[in-house]
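Q: Before the terms are applied to this protein, can the rules behind them be set out, and then the values held against those rules?

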Amino acid sequence: MEDKNMNNLIEESFEYPEELAHVEHRLEMRIQKEKRKKRALSVFISSVAASVLFIVLVNTNTAFAGIVAEIPLIGTIAEYVKFDKSLKSAIENDYVQQTDLMAYDGSEKLLLPYVIADEKNLVLFFKLPDDFELSEGQWAGINLISMEDSSSGEKIEGFGYSSSNMSWEENKSNGLIMQQYNFSEGLLPKSIKINVSLKRETYQEQGDEKSSNADVFSALEDEKYPLTEEVGNFSFNIEFNEFAKPITYEFNQEHTIMGQKITLKEMKMYPTGTEVTFEFSKENSAWIKGLDLAVESEGTEMYSGRSGISSTYDETKDCMKVYIQSDYFAEPKEQQLVIKGIRLLEKDKEFITVDLENGAFSPEVEGMQLAKVSRRGQKSDLIFSTRTSNDDMFGLFASKYTDSEGNPYEIRSEGSSGRDTVMETYLTVEYPESGIVILQRSLTPKLFLQEPIKIPLPVK
């Protein structure tokens, strides 16, 4: 009986370390800490007694002590978000949840010590165990396998995510792997099960920077590059704290940018950033593929587009959500939303027909050239040269394409490099019998407005 009670106490302490019980009041909103699934313990154990229990468990239970010893300090995750003003402010205002989760796959383990979450965004901080080894030149990466709603068991879809990798140097300093999820088509459930895979990658040497184009294509296409070792698959069940409610601004303002009509519908501020929703006129001659936004105060740029996931749009291409940094916890003041630039894709030039035999494509696209075409058996290597603004790198084509008969293919390898105002895109396609392939353009260079559009933001 005594062992059973002790196991119950250990389980309860995992769910809610009492030292995390403090809360913050910001913008008339209480940010709650984790709720216990089991209430029996709180009925008869005071906060002081629970703190004592936590100390006792650390000293008496090996598994629990092992987890606590490997949990990084909150200041550690602050280093990972210092360039994201939204997440930096969230941490500074205690909008971060310590989960103390650990999962096993055989003898391998993975920790998930911290999360930051609201209705639209989820940030996970994974930690490798202290005894995880990476050799010089190796990297550790975590890939999503699936995510489920714990309440219904249904697979969660309609989101995008980005993930960092960990180098061998970072591993030696007990670094973290951060993943960011954006739920553009729905809301994050209050309880999820997430399944991920941990991989160890070894990158092979490519030689010097003067490698030939053949070397570039070979590296892109080589399935053994990088060498990947599957370490294990891990599952975590996460019960989230109460989400902070978004602050919503309604606009419904129509603007014309370079001949294209756009309507600013609304802004929603979350602790992890601000979601700005635009709608586009069906009569526009071009698809709007991106907007460069910022928030200014007294002529000084305060926040701009986020790294990682920056924008999403629906299947009709008539609506786009753009994500910018913000400070949910700051006192409101006079600010302006600034539209600085735009990416436009002319609708009648979304698809280009490439004649592999003659090294040409149509229709012509201003600023884009087919610099080289070479054949390798049943494949053809292409190099496109595109004029861009400084450091503007993007994916030029969609992954799927067809031949002149409508047969579908998929681009297996694509890479890019940039220098000054020129971006080169390398891709390999199948060489069909007709020698013709039809590619779908995906993104376009950013165009900057001579006179940025400035929209005053409401102040409550």
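A: A nonpolar core is a set of buried Ala, Val, Leu, Ile, Met, Phe, Trp, Tyr and Cys residues joined through side-chain atoms within 4.5 Å. Buried means under 20% relative accessible area, exposed over 50%, and partly exposed in between, with a 1.4 Å probe and protein chains only. The model is predicted: local features need pLDDT of at least 70 and side-chain atom pairs pLDDT 80 or more, while totals for chains, interfaces and linings use all residues. Residues are numbered from 1 along each chain as its sequence is written, and side-chain values use heavy atoms, without hydrogens and water.

Q: Which residues have the most contacts inside the largest nonpolar core?
A: They are Leu122, Ile194, Phe236, Phe278 and Leu337, in a core of 76 residues. Strand β4 gives the largest share of this core, 6 residues. Another core lies apart from it, with 20 residues, including Phe394, Leu396, Met423 and Leu427. In soluble globular proteins, nonpolar side chains tend to be buried together.

Q: What makes Leu337 count as buried?
A: Its relative accessibility is 0%, so Leu337 counts as buried. Leu337 lies in strand β19; strands are DSSP runs of E with at least two residues, helices are runs of H or I with at least four, and both are numbered from the N terminus. Contact means heavy atoms within 4.5 Å, and beyond four places in sequence Leu337 touches residues including Leu264, Met267, Val276, Ile324 and Ile453.

Q: What does Phe236 touch, leaving aside neighbours within four places in sequence?
A: The contacts of Phe236 include Leu101, Met102, Ala103, Leu110, Leu111, Leu112, Phe126 and Ile194.

Q: Why is β4 described as largely enclosed by the rest of the structure?
A: Of its 10 residues, 9 are buried, so β4 is largely enclosed.

Q: What makes β3 and β4 a pair of strands, and how many bridges join them?
A: Two strands pair if DSSP finds at least two bridges between them. Strand β3 (97-105) and β4 run antiparallel and are joined by 7 bridges, with Ala103 partnered by Leu110 in β4. The two strands form a hairpin with 2 residues between them, and Gly106 in the turn has a positive phi of about 65 degrees. On to β5: β4 pairs with β5 in the antiparallel sense over 5 bridges, and a hairpin of 3 residues joins them. Val115 has Leu124 as its bridge partner in β5.

Q: Why are β16 and β29 called edge strands of their sheet?
A: The open sheet has 4 strands in the order β16-β15-β19-β29, paired antiparallel. Both β16 (300-304) and β29 (447-456) stand at the edges with a single partner strand each, so one side of each has no neighbour in the sheet.

Q: Which residues of helix α6 are buried?
A: In α6 (85-92) they are Ser86, Leu87, Ser89, Ala90 and Ile91. Their cover includes α5 (74-80), β4 (108-117), β5 (121-127) and β9 (176-182). After α6 comes Asp94, with a positive phi near 65 degrees.

Q: How do you know that Lys317 and Glu350 form a salt bridge?
A: A salt bridge is a side-chain nitrogen of Lys or Arg within 4 Å of a carboxyl oxygen of Asp or Glu. The closest N and O atoms of Lys317 and Glu350 are 2.7 Å apart, and the pair forms a salt bridge. Lys317 is in the loop between β17 (311-313) and β18, Glu350 in the loop between β19 and β20, 33 residues apart. Both Lys317 and Glu350 are buried. By this rule the count comes to 14 salt bridges.

Q: What is the N to O distance between Lys400 and Glu410?
A: The distance is 3.7 Å, and the two side chains meet in a salt bridge. Lys400 is in strand β24 (397-403) and Glu410 in strand β25, 10 residues apart. With a relative accessible area of 54%, Lys400 is exposed, whereas Glu410, at 36%, counts as partly exposed.
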